Amino acid sequence: MPSTRNMAVIRFLMVVLLSVVIAPAFASDARKKFQVKSIDAIASCRGLNKALAKAKQQDDWGDLYGFSLYTIGYLTAVNRLAANTYDIAGKKNSKTIMVWLEKYCAAHPDDGFDDALYQLTVELYPNRSVAAPS
């Protein structure tokens, strides 16, 4: 019998794999709702768009730094929980990932930032690293 931790990893991987194939909306409760852990400034694509504009216009990168840290934490959690995944980003670096999120959020300003990260994960999953570099 698999352990509870292994079952959780298996469930997470199934969600990721199914989302790549059929892209349904998965969630934790019967109403398809789940709690997103973030601070208000990092809750939406609109917030990322504002942070990018502020960084470019005022040379103030503080708000954008918050999005970068949140993204790194999110991807680290995926690395830890997804079976057969060493690095969900594969060969992509942090800058490439943030540029992808910038484009996504420019096209989807009303999406939550968690939605953008989910779509990023779906995009990255097929090319993830499955083993640590030798």
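Relative accessible area under 20% is called buried, over 50% exposed, and anything in between partly exposed. The exercises below apply this to a predicted model.

**Exercise 1.** Determine which parts of the chain the salt bridge between Arg46 and Asp110 ties together, and classify both residues.

Solution. 
- Step 1. The closest N and O atoms of Arg46 and Asp110 are 2.1 Å apart. The cut-off for a salt bridge is 4 Å.
- Step 2. Arg46 belongs to helix α2 and Asp110 to the loop between α4 and α5, so the bridge ties together parts 64 residues apart in sequence.
- Step 3. Arg46, with a relative accessible area of 39%, is partly exposed.
- Step 4. Asp110 has a relative accessible area of 66% and is therefore exposed.
- Step 5. Over the whole structure, the search finds four salt bridges.

**Exercise 2.** Locate the salt bridge between Lys56 and Glu102 and classify its two residues.

Solution. 
- Step 1. The side chains of Lys56 and Glu102 meet at 3.0 Å, N to O.
- Step 2. Lys56 lies in helix α2 and Glu102 in helix α4, 46 residues apart, and the pair links these distant parts of the chain.
- Step 3. Lys56 is exposed at a relative accessible area of 58%, while Glu102, at 25% relative accessibility, is partly exposed.

**Exercise 3.** Describe the largest nonpolar core and the surroundings of Leu101.

Solution. 
- Step 1. The largest nonpolar core contains 23 residues.
- Step 2. Leu48, Leu101, Cys105, Phe113, Ala116 and Leu120 have the most contacts inside the core.
- Step 3. Leaving aside residues up to four places away in sequence, Leu101 touches Leu48, Thr71, Phe113, Ala116, Leu117 and Leu120.

**Exercise 4.** Is Thr85 buried or exposed, and which residues does Thr85 touch?

Solution. 
- Step 1. Thr85 sits in the loop between α3 (62-81) and α4 (94-107).
- Step 2. Its relative accessibility is 11%, so Thr85 counts as buried.
- Step 3. Beyond residues up to four places away in sequence, Thr85 touches Asn79, Tyr125, Arg128, Ser129 and Val130.

Conventions: Residues are numbered from 1 along each chain as its sequence is written. This is a predicted model: local features need pLDDT of at least 70, side-chain atom pairs count only at pLDDT 80 or more; totals for chains, interfaces and linings use all residues. Side-chain values use heavy atoms; hydrogens and water are left out. Helices (H or I, at least four residues) and strands (E, at least two) are DSSP runs, numbered from the N terminus. Buried means under 20% relative accessible area, exposed over 50%, partly exposed in between (1.4 Å probe, protein chains only). Contact means heavy atoms within 4.5 Å. A nonpolar core is a set of buried Ala, Val, Leu, Ile, Met, Phe, Trp, Tyr and Cys residues joined through side-chain atoms within 4.5 Å.
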